[in-house]
Amino acid sequence: MSQDDPIASTYNNTHRAFLQALLSTQTITYPTAKPLLAAILTAQTPDRPTLPEDISQEDFETYIDALTTQISPFDLEIRSTVHQTSKERIYALVNTTSDALTQMSTTHSADELAFLKRVLDAMFETYNTPRAEIMAIKSLQALRLARPSGEDRRRESQAANTQGKDAGLTQVQAEKVMGTLKDEGWFELSAKGYYSLSARALMELRGWLVEIYNDHEEEDGQDEDEEAEHVKIKFCTACKEIVTVGQRCPDVNCQGRLHGHCVKNMFRAQQGREQCPVCKVVWTEPGAVGEKAARGDVRQSNGGGGGRQSNGGARREEVVDEESDSE
Ligand SMILES: [Zn+2]
Ligand SMILES: [Zn+2]
């Protein structure tokens with residue numbers, strides 16, 4: 001970008017246009033911002049067109065910084081995290097006073113939100129066991145949650161102090177809600193058909209997830225002793241963000257978790273010792289966290305391909321659906 005360009009020196013129309021775009025997309029990455037900023041700047045000075053490749057990482061960050069200052073009085077901030085599978089840095093507009101669920105309540109009915117809660121319970125409880133930390137759900141599994149089970153009703157009416165009047169949704173409605181939540185940027189849908197929380201949802205729901213799913217051990221000990229020890233929401237030892245896709249310590253009883261993209265950094269920080277940062281066991285053939293954990297017997301099949309940094313290495317076809325399908 002040329003020196004005399006007024007980019008980012010003061011908050012101007014280009015910033016406003018960029019903010020408008022971010023308000024509608026909610027998340028942005030540097031690669032997606034390049035053509036956007038180029039178009040905005042070109043519209044501002046048509047006689048001096050700007051090309052996407054003219055937008056440097058620094059230009060982009062300058063815009064992010066300028067917006068951050070500008071939006072803070074409106075209880076908004078821009079947070080960023082590294083996407084667990086694409087490994088891209090994602091910037092998201094986050095509301096600092098109302099959590100994601102409150103925001104969703106403006107566009108979704110109470111029955112829809114109750115369904116969403118059952119889906120989240122499935123992601124973080126049913127499909128997140130010591131044996132398989134999947135933390136994702138297939139469409140068919142989600143549709144089975146369209147209507148609350150008797151147990152759900154009991155829990156809901158206890159929590160809300162009401163007589164379980166949650167009638168649930170029809171399958172069609174439930175399917176539609178899953179699609180809407182994806183369109184709104186709360187869910188992601190993988191190539192293999194798993195819904196999981198998006199990077200933005202994880203940023204916004206971090207506190208809520210810990211509050212709801214951790215520290216509840218003794219409640220309904222259906223899965224017995226081991227389950228009682230199982231902390232549902234775990235954090236990467238390297239970057240301290242939630243892990244819903246990544247690697248787990250080869251020792252099934254250890255809480256050590258790392259994102260795939262954080263493994264190298266962790267080992268470097270340990271002076272090259274390729275061991276679990278928590279229990280120090282050698283980090284070979286780590287288990288999978290995420291939809292890969294759903295396949296047959298993960299503990300054996302996961303590391304098969306390329307050794308320890310192979311979180312994307314061994315791509316085997318999913319043979320049968322996961323055991324956790326049964327309820
Ligand atoms: Zn990490
Ligand atoms: Zn460990």
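Biologist: Which residues are the protein donors of the zinc ion (ligand 2)?

Modeller: In this predicted model, they are Cys249 (SG), Cys254 (SG), Cys276 (SG) and Cys279 (SG), lying 2.2 to 2.3 Å from the ion. Donors are N, O and S atoms within 2.8 Å of the metal (3.2 Å for Na, K and Ca), and water is not among the atoms, so sites may look incomplete. Residues are numbered from 1 along each chain as its sequence is written, and ligands are numbered from 1 in the order in which they are written. Local features need pLDDT of at least 70, side-chain atom pairs count only at pLDDT 80 or more, totals for chains, interfaces and linings use all residues, and side-chain values use heavy atoms, without hydrogens and water.

Biologist: Why is the site of the zinc ion (ligand 2) called tetrahedral?

Modeller: Four donors count as tetrahedral if all angles lie between 85 and 135 degrees. The angles among the four donor atoms of this ion are 104 to 112 degrees, and the site is therefore tetrahedral.

Biologist: What makes Cys249 count as buried or exposed?

Modeller: Buried means under 20% relative accessible area, exposed over 50%, and partly exposed in between (1.4 Å probe, protein chains only). Cys249 has 0% relative accessibility and therefore counts as buried. Cys279 stands at 33%, so this residue is partly exposed.

Biologist: Which residues coordinate the zinc ion (ligand 1)?

Modeller: They are Cys236 (SG), Cys239 (SG), His259 (ND1) and Cys262 (SG), at 2.1 to 2.3 Å. Of these, His259 is buried because its relative accessibility is 2%, whereas Cys239, at 30%, is partly exposed.

Note on methods. Four donors count as tetrahedral if all angles lie between 85 and 135 degrees; four count as square planar and six as octahedral if opposite donors are over 155 degrees apart and all others between 65 and 115; anything else is irregular.
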